Structures are given as structure tokens and as C-alpha cells.
Amino acid sequence: DSVNSTITNVSALSVTGSSEIGASNITTTGAQTYNGAVNVSASNATLNGTEITFTSTVDGAVNGTSNLTITDGGNTTFNGSVGTTHALASLNVSATNITLNNGNVSTTGTQGYHGVLALAADANLTGSTITTFGNVAGANHSLTITGDAVLGNRSNAANSAITNVSALSVTGNTSIETGSITTSSTQTYNGNVDLVSNTTLNGTTVSTLGNVAGAGNSLTIIG
């Protein structure tokens with residue numbers, strides 16, 4: 001099924017098969033459910049609704065050409081991988097909770113998660129910069145970020161903590177804007193680390209392999 005025109009003022013949208021999203025805007029007052037594979041062909045696609053669920057995979061039509069923005073008044077759920085076949089250019093999600101049941105998300109550009117990011121599987125986030133603006137609930141799963149990372153929200157550091165992650169690894173540079181990152185195993189920061197707030201890193205072993213710039217903030221390592 002192909003959606004190539006703007007959809008507005010629909011109460012709910014459900015697609016049983018695969019979907020091609022060529023429209024710039026799909027707005028519902030209620031839920032959007034995509035039961036089959038989703039192919040985003042629009043250069044800029046925005047989904048507005050309440051409870052947006054992707055039961056299968058989400059991909060771009062061509063690698064790195066489609067930006068996907070989701071504004072969800074409820075919970076956004078990704079049951080399949082995102083960008084495994086063709087990476088999105090960027091992914092920006094604003095929701096109360098954002099659940100990754102598969103864990104694999106690939107973009108050529110940025111990823112932004114505004115809300116609680118819930119890991120229901122080991123997560124591998126690949127992009128230029130990955131930003132978590134809210135809490136990250138690990139459920140004892142690992143989080144691997146391939147690219148640069150901005151962890152937390154400097155304007156609300158107390159409500160953007162990372163908790164219950166098994167292991168955390170960032171390949172690029174990391175800006176830490178949260179007051180607390182807790183893992184049951186290791187934390188590895190392969191690039192430079194910038195502290196934007198007073199921070200406590202709690203894990204079995206915390207490794208900073210690049211420079212650490214404190215900007216006058218405190219760093220406490222428990223491990």
C-alpha cells in the first residue's frame with residue numbers, strides 16, 4: 001500500500017500489509033499501526049498521532065535520503081529494525097515512551113529520542129550523532145552507539161538518566177548531560193568525553209579512552 005498524499009483529521013490509521021510513505025504528513029487523532037514493512041520514500045515525512053506502532057521493519061527507499069519525524073501523544077513502538085536494508089537520513093521521535101523491541105536503528109545522520117527510551121533488546125544505534133533527551137530504561141540490555149552521542153538533557157539532567165543498562169559503549173565523542181549513568185557491566189567511551197553537568201558513572205569498569213573535559217563539573221566513578 002502506498003501513501004503519497006497528505007492525510008489529516010483521520011481518527012485512526014491501520015495498514016495490514018506493507019506501506020510506502022511518500023507523503024510529507026500523516027496526522028491522526030488516535031493510533032497509527034503499520035503491520036507490514038514500512039518504506040519511507042518521502043524526503044521529509046512526519047507522523048503525528050497517539051500510539052504509533054511499527055510491527056515490522058522501517059527503511060528508507062534509498063540509503064540516507066529520507067528524514068522521519070514522529071510526534072506521538074502516547075507511546076511509539078518499533079517491533080522491527082530501522083534502517084537495516086536502507087538507512088534513514090535521520091530519525092526524530094517525540095513520545096511518552098519509545099520502545100525498541102528489535103534494537104537495531106541505523107541512520108546516516110542524527111537520531112533524537114525525546115521521551116523515555118525503553119530497550120526491550122540489546123540496542124545498536126548507528127548514526128552521526130545519537131541524542132537521548134529523556135531517561136533510558138535498559139531492562140538489563142546493552143546499548144551500543146556507533147557514532148557520537150549526547151546522553152541526557154542539560155536543562156533537565158535529573159530526568160534524563162541512564163539506568164539498568166547491562167553495558168554501554170560509544171565509538172565516537174560523548175557529551176554527558178545527565179547526572180547519572182548506571183550499568184550492571186562496563187561503560188566504554190572511545191572518543192572524547194565532555195561533561196555538561198555533574199555526573200556519576202556507575203559500572204563494573206568505566207573506560208575513557210579519549211580526553212575528558214569537565215567544564216568545571218564533577219565526575220564520580222563508582223566501579
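The following legends describe close-up views of a predicted model. Local features are taken at pLDDT of at least 70 and side-chain atom pairs at pLDDT 80 or more, while totals for chains, interfaces and linings use all residues. Residues are numbered from 1 along each chain as its sequence is written, and side-chain values use heavy atoms, with hydrogens and water left out.

**View 1. Strand β8 pairs with strands β5 and β11.** Strands are DSSP runs of E with at least two residues, numbered from the N terminus, and two of them pair if DSSP finds at least two bridges between them. Strand β8 comprises residues 44–49 and pairs in the parallel sense with β5, residues 25–28, over 3 bridges. Within this pairing, Asn25 stands opposite Thr46 of β8. Strand β11, residues 67–72, also runs parallel to β8, and 6 bridges join the two. Here Ala45 is placed opposite Leu68 of β11. In a regular strand, side chains alternate between the two faces of the sheet.

**View 2. Ser66 is a buried loop residue.** Ser66 belongs to the loop between β10 (58–60) and β11. Its relative accessible area is 0%, and Ser66 therefore counts as buried (buried means under 20% relative accessible area, exposed over 50%, and partly exposed in between, with a 1.4 Å probe and protein chains only). The Ser66 side chain makes polar contacts, defined as pairs of N or O atoms within 3.5 Å; within protein, one atom must be able to donate a hydrogen and the other to accept it, and residues adjacent in sequence count only if both atoms are side-chain atoms. Another is to the backbone oxygen of Ala42, at 3.0 Å. Contacts in the wider sense (heavy atoms within 4.5 Å), not counting residues up to four places away in sequence, include Ser41, Gly60, Leu88 and Ser90.

**View 3. Thr99 lies in strand β13.** This strand spans residues 90–100. Leaving aside neighbours within four places in sequence, Thr99 is in contact with Thr76, Thr77, Phe78, Ala118 and Ala120. Thr99 and Ala121 are 22 residues apart in sequence, with their C-alpha atoms 9.5 Å apart in space.

**View 4. Arg154 and Glu177 form a salt bridge.** The structure holds 1 salt bridge, a term for a side-chain nitrogen of Lys or Arg within 4 Å of a carboxyl oxygen of Asp or Glu. The side chains of Arg154 and Glu177 meet at 3.1 Å, N to O. The pair links distant parts of the chain, 23 residues apart: Arg154 is in the loop between β17 (136–151) and β18 (162–170), and Glu177 is in the loop between β19 (174–176) and β20 (180–183). Arg154 counts as exposed at 57% relative accessibility, whereas Glu177, at 7%, counts as buried.

**View 5. Glu51 and Ala139 have positive phi values.** Phi of Glu51 is near 75°, a positive value in a residue other than glycine. Glu51 lies in the loop between β8 and β9 (52–54) and is partly exposed, with a relative accessible area of 33%. Ala139 has a phi near 50°, likewise positive in a residue other than glycine. Ala139 is placed in strand β17 and is partly exposed, its relative accessible area being 44%.

Note on methods
Helix = DSSP H or I, 4+ residues; strand = E, 2+ residues; numbered from the N terminus.
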